[in-house]
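User: I would like to go through the labels used for this model and the grounds for each of them. Please set each value against its definition.

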Amino acid sequence: MNATFADLVAALRKDPIGTKALWKGPVLVQRVTKGGADGEAWAQTRAAVVMSEPEAQGARVHLIAKAQGKQNAFPMGVTVGRVGGNDIELDDSSVSRFHAWLQQDERTKVWALTDADSKNGTWVAGGELGPKQRVPLTDHTEIRLGNVYLTFLLPESLWAMVQAG
């Protein structure tokens with residue numbers, strides 16, 4: 001499940017209890033790509049320099065959960081990638097078809113991100129991950145998948161941000 005930040009603010013104002021019930025887990029907040037004068041943005045990835053169009057709809061919020069009605073070959077975690085079979089789909093050419101996955105440790109309840117041997121790399125808190133490297137996430141952790149910038153937020157931080165508008 002995903003929504004624009006503005007839509008989430010509107011939903012919370014209209015139905016705070018129902019909205020919080022639907023969005024009860026951690027999220028990835030996808031930041032808007034900064035565009036140049038011609039509306040295009042260029043970024044260096046590990047594999048090449050790529051172009052990415054700015055997202056006109058604003059920041060997107062992606063619930064970290066297995067997507068209903070989607071079947072992928074990775075039932076052990078929440079998949080992130082460019083194609084529709086992933087639980088979280090990031091429509092950007094710098095993101096691999098299956099770029100990374102997120103898993104919550106059943107005992108500690110800590111979420112972790114693992115790079116799926118992506119072509120353009122995965123960074124967590126500024127450090128690049130190696131292929132299949134797993135890194136625990138904490139609230140407000142900065143993540144970069146290829147040229148897509150995300151922030152991992154726990155529900156309490158999401159709601160504080162949404163209520164601030």
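User: Why is arginine 31 called partly exposed?

Analyst: Arginine 31 has a relative accessible area of 35%. Buried means under 20% relative accessible area, exposed means over 50%, and partly exposed is in between, with a 1.4 Å probe and protein chains only. Arginine 31, at 35%, is therefore partly exposed. This is a predicted model, in which local features need pLDDT of at least 70 and side-chain atom pairs count only at pLDDT 80 or more, while totals for chains, interfaces and linings use all residues. Residues are numbered from 1 along each chain as its sequence is written, and side-chain values use heavy atoms, with hydrogens and water left out.

User: What makes the contact of arginine 31 and glutamate 142 a salt bridge?

Analyst: Their side chains meet at 2.8 Å, N to O. A salt bridge requires a side-chain nitrogen of Lys or Arg within 4 Å of a carboxyl oxygen of Asp or Glu, so the pair qualifies. The two residues are 111 residues apart, arginine 31 in the loop between β2 and β3 (41-44) and glutamate 142 in strand β13. Glutamate 142 has 33% relative accessibility and counts as partly exposed. Helices (H or I, at least four residues) and strands (E, at least two) are DSSP runs, numbered from the N terminus.

User: How many salt bridges does the structure hold?

Analyst: The structure holds 2 salt bridges. Aspartate 87 forms one with lysine 66, the closest N and O atoms being 2.9 Å apart. Aspartate 87 lies in the loop between β6 and β7 and lysine 66 in the loop between β5 and β6, so this pair ties together parts that are 21 residues apart in sequence.

User: What makes β8 and its neighbours paired strands?

Analyst: Strand β6 (residues 78-81) and β8 are antiparallel over 3 bridges, and 5 bridges join β8 to β9 in the antiparallel sense. Both counts meet the cut-off, so both are pairs. Tryptophan 101 in β8 stands opposite threonine 79 and also opposite threonine 114 in β9. Further along, β9 (residues 111-115) runs antiparallel to β12 with 3 bridges, and leucine 113 has valine 135 as its bridge partner there. The β8-β9 hairpin has 6 residues between the strands, and lysine 109 takes a positive phi near 70° in it.

User: Why are β8 and β14 called largely enclosed?

Analyst: In strand β8 (residues 100-104), 4 of the 5 residues are buried, so the rest of the structure largely encloses it. For β14, 5 of the 6 residues are buried, so it too is largely enclosed.

User: Which strands pair with β14?

Analyst: β2 pairs with β14 in the antiparallel sense over 4 bridges, with valine 27 opposite leucine 153. β13 and β14 are also antiparallel, over 5 bridges, and isoleucine 143 is the bridge partner of leucine 150.

User: What makes a group of residues a nonpolar core, and how many residues has the largest?

Analyst: A nonpolar core is a set of buried Ala, Val, Leu, Ile, Met, Phe, Trp, Tyr and Cys residues joined through side-chain atoms within 4.5 Å. The largest has 20 residues, and those with the most contacts inside it are Leu28, Ile64, Ile88, Leu90, Leu102 and Ile143. The elements giving two or more residues to this core are β6, β8, β9, β13 (141-145) and β14, and β14 gives the most, with 3 residues. Apart from this core lies another of 14 residues, among them Val61, Leu153, Leu158 and Trp159.

User: What does isoleucine 88 touch?

Analyst: With contact meaning heavy atoms within 4.5 Å, isoleucine 88 touches residues including Leu28, Ile64, Val78, Val80 and Leu102, not counting residues up to four places away in sequence.

How values were computed
Pairing = 2+ DSSP bridges.
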